[in-house]
Amino acid sequence: MKLTALLLAFLPTLIAAECYKSGESWDRELGRAAVERACNQLAGDYRRGEFGVKKFAQNNGQCYVFELKRLRESGGGELRTITKDECKGGMNRELYGCGQGGTSSYTNWMY
């Protein structure tokens, strides 16, 4: 029981989530590769309210748009760093959780 509580303390807190109800469905393989590319470019330092956007046109005619936004100040100071792995975790939740994409807000980040 204590181990479970300890592990849950390190998980990001989901504040809001919404799947888009229209649009084309993701091609999961192309989407996974696009998440990797987007997070390689979006990883870095952000101030509260700052955001980054990456768009990738695919050969199948689809365009994937990835947005990342820093939501709030945290105890660590004005700048907060998002790593490639943290970015990919959030973006992949959208890719695999929502057929046409979506948006989720956690404690520090909106994807």
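Predicted model: local features only at pLDDT ≥ 70, side-chain atom pairs only at ≥ 80, totals over all residues.

Colleague: What does the secondary structure come to?

Modeller: Three helices and seven strands, in the order α-β-α-β-β-β-β-α-β-β along the sequence. Helices (H or I, at least four residues) and strands (E, at least two) are DSSP runs, numbered from the N terminus.

Colleague: Where is Gln100?

Modeller: Gln100 lies in the loop between α3 (84-97) and β6 (102-106).

Colleague: And what does Gln100 touch?

Modeller: Not counting residues up to four places away in sequence, Gln100 touches Tyr20, Lys21, Ser22, Gly23, Glu24, Ser25 and Trp26. Contact means heavy atoms within 4.5 Å. Gln100 and Trp26 are 74 residues apart in sequence, with 5.9 Å from C-alpha to C-alpha.

Colleague: Switching to Gln58: buried or exposed?

Modeller: Gln58 counts as buried because its relative accessibility is 13%. Buried means under 20% relative accessible area, exposed over 50%, partly exposed in between (1.4 Å probe, protein chains only). Gln100, at 28%, is partly exposed.

Colleague: Which residues is Gln58 in contact with?

Modeller: Leu30, Ala34 and Tyr64, leaving aside neighbours within four places in sequence. Gln58 sits in the loop between β3 (51-57) and β4 (63-70).

Colleague: How much of the protein is buried?

Modeller: Buried residues are 30% of the 111 residues.

Definitions and conventions:
Residues numbered from 1 in each chain as written. Heavy atoms only, no water.
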